[in-house]
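Thanks for coming. I will go through a few local features of one model, so please have the sequence and the structure open.

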Amino acid sequence: SDHMENICGYLMKYTNLVTGWQYRFFVLNNDAGLLEYFVNEQSRYLKPRGTLQLAGAVISPSDEDSHTFTVNAASGEQYKLRATDAKERQHWVSRLQICTQHHTEAIGKNNPPLKSRSFSLASQGSANSPGVQRRPSQNAVSFFNVGHHRLPTGKRVPIMQPDHLVDVREMMSQAEGQQRDLIRSIECLPVSGHLTSLDQDLLMLKATSMATMNCLNDCFHILQLQHASQQKGSLPAGTTISWLEPKISLANHFKNGAAQNFQAEINKPASVREEQSTAEPCQLTREPEEINPEEELEDICDDKEDDLGAVEEQRSVILHLLSQLKLGMDLTRVVLPTFILEKRSLLEMYADFMSHPDLFIAITNGTTPEERMIRFVEYYLTSFHEGRKGAIAKKPYNPIIGETFHCSWRMPKSDVATDAGSNLSPHSPSEQVTLSKDLESQMEVDYYTVKFVAEQVSHHPPVSGFYAECVERKMCVNAHVWTKSKFLGMSIGVTMVGEGLLSLLEHGEEYTFSLPCAYARSILTVPWVELGGKVNINCAKTGYSASINFHTKPFYGGKLHRVTGEVKQNTTNTVVCRVQGEWNSVLEFTYSNGETKCVDLTKLSVTRKRVRPLEKQGPFESRRLWQHVTESLRDGDIDKATEHKRALEERQRNEERLRAETETPWCTKYFLKEGDGWVYHKPLWKTVSAAQTQQTDTN
């Protein structure tokens, strides 16, 4: 081809977090199908510093910016490169793709179809597999090619008799043995060379064989239920047959290059056995517990998620996982590898959104409805930066149903913004709401206390409820969030379905708000987080509303993490404030009087939350529940962390199965279902209302 030209030039290459980007001289050798790089142009005739085979490689323009692209070799090795501009990137990407396609097709013409090669691997499995023991003559080809066997025309499929289930079970055992042999054979292949364990078709074969066995097991279970119903009579009215959990856990295949670990229960660590056996009946643990803030200590934990090593080392695991996903697939039931986890639960992440309690408390100090709405928007936009731990897109733990998290913040009253013209004081006799004496006693200290509680109220769908209150300022926020995650190709999208309600009881105002979507981008290279979507904040009483847009980065050009918004008075349709900037950097607020204010989020002071020590926490509190997983991740022991995580998830599945069998509903602890949402069982607006009623009765 005229386009099969050897090109060369300088590109920036990402090395690691410490070294960062470095200029290197790259040479595309079309004849050999190689991409080579050197320290500089003068050394191009010496031995290259690095070489990638382009046959079978994937060349991907990055969605980070218009200059970056990646070259993912079939061996699992990867170069992250950056050109000087979009035009130069397109030139390199197109030439690399042409060369890659040419050499990939050449390999395909010179080798037998992969289908026969892949299936022949299974027939070479261990002689200890059930398939080899029972029917040596039946190899993987004859078993897996069931689609080619057709029944004679005109013959009906006979109805399966009950005793035939035994034969089916035997055939299933053979299939499971052959499938395990197939997986082992693929994973034992080298990571480089002509046929590797990272071959895209082999990864797809692993995924489809696993999915086939899961489906067959589910079908066999349905046959057993039907047989049981025939023995006892028809199924009761309204009975449904639901799909079961996967019989072959994806986690068993995450460790590429090693056989599955069928470890005996006796060999598991004591802490893992404890996690599996400490399930407590819900009726013994569902009574709400009053947390004494005096028992909470300032948090000294500081787990920054800046380690890229695990992501780089486990690329083959990510490739294997991606091979099992489809575009738009719901990831709720997909078990993700442990190394991508943050060292905190999702419930604690929601708490970290409250890391600027001074801005939260200052909302109610606004003298006018307009000022209070603007202050809420300022607080809302500053909450996301600290909610993320570092720039790496890692995933917090999926909370176990019934899991809770408690914490609080202490904020010196002198640090909370007030207005010089405001006569409103927490001790003013003109307040509309009177608190009971036990609440008033909390106002005598020189700091405000913000208390937070979160609970995982549902497992399927995964719904979390969280609540925060400042009694002294008579304000609280209640929210519920359903996290829906989907696979988007090179990204993962998380939709935060739900609604929050901020109540300012001093003013009788309620503000409803929603949350933006989150995206993990570039999941094959250095994953990063992006927020996107439109959110609305409304106050029905005052008629003020805010519309905020989190902009995802366009493919070409544009800035990262951009956000714009405006606050307006709905009655007059007057815009009273505009905001623009980046949600993790600098925000600029422009007010109706022409004044502007810039907020540098990286310089905002962060108030550390206060948390009870582990020994004082209940067994279902986040940090105690996940302590063994967190400790293993801190130690860098991914296998041990995976074992502890799996034990917790297995315990949850067993409890869920037991509740289903006994028809026992789950009892929440702190949140009650109201309509489509979840509300804290003792919100401040109820406490204040009760205090008012009591005051009236006394008078």
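Glu 663 sits in the loop between α17 and β25 (671–674); helices (H or I, at least four residues) and strands (E, at least two) are DSSP runs, numbered from the N terminus. The model is a predicted one, where local features need pLDDT of at least 70, side-chain atom pairs count only at pLDDT 80 or more, and totals for chains, interfaces and linings use all residues. Residues are numbered from 1 along each chain as its sequence is written, and side-chain values use heavy atoms, with hydrogens and water left out.

Glu 663 is not a glycine, yet its phi is positive, about 55°. Is Glu 663 buried or exposed? Glu 663 is exposed, at a relative accessible area of 71%. Here buried means under 20% relative accessible area, exposed over 50%, and partly exposed in between, with a 1.4 Å probe and protein chains only.

Lys 474 also has a positive phi, near 50°, and is a residue other than glycine. Lys 474 lies in the loop between β13 (463–470) and β14 (475–487). Its relative accessible area is 1%, so Lys 474 is buried.

Now the helices. α16 (residues 627–635) packs against α17 (residues 638–662) at an angle of about 165°, with the axes 8 Å apart. Axes are lines fitted to C-alpha atoms, for helices over the stretch in contact, and angles run from 0 to 180 degrees between N-to-C directions. α16 and α17 are therefore roughly antiparallel, a term for angles over 145 degrees. On the α16 side, the contact (heavy atoms within 4.5 Å) is made by His 628, Val 629, Ser 632 and Leu 633.

Methods. Angles under 35 degrees count as roughly parallel, over 145 as roughly antiparallel, 65 to 115 as roughly perpendicular and the rest as oblique.
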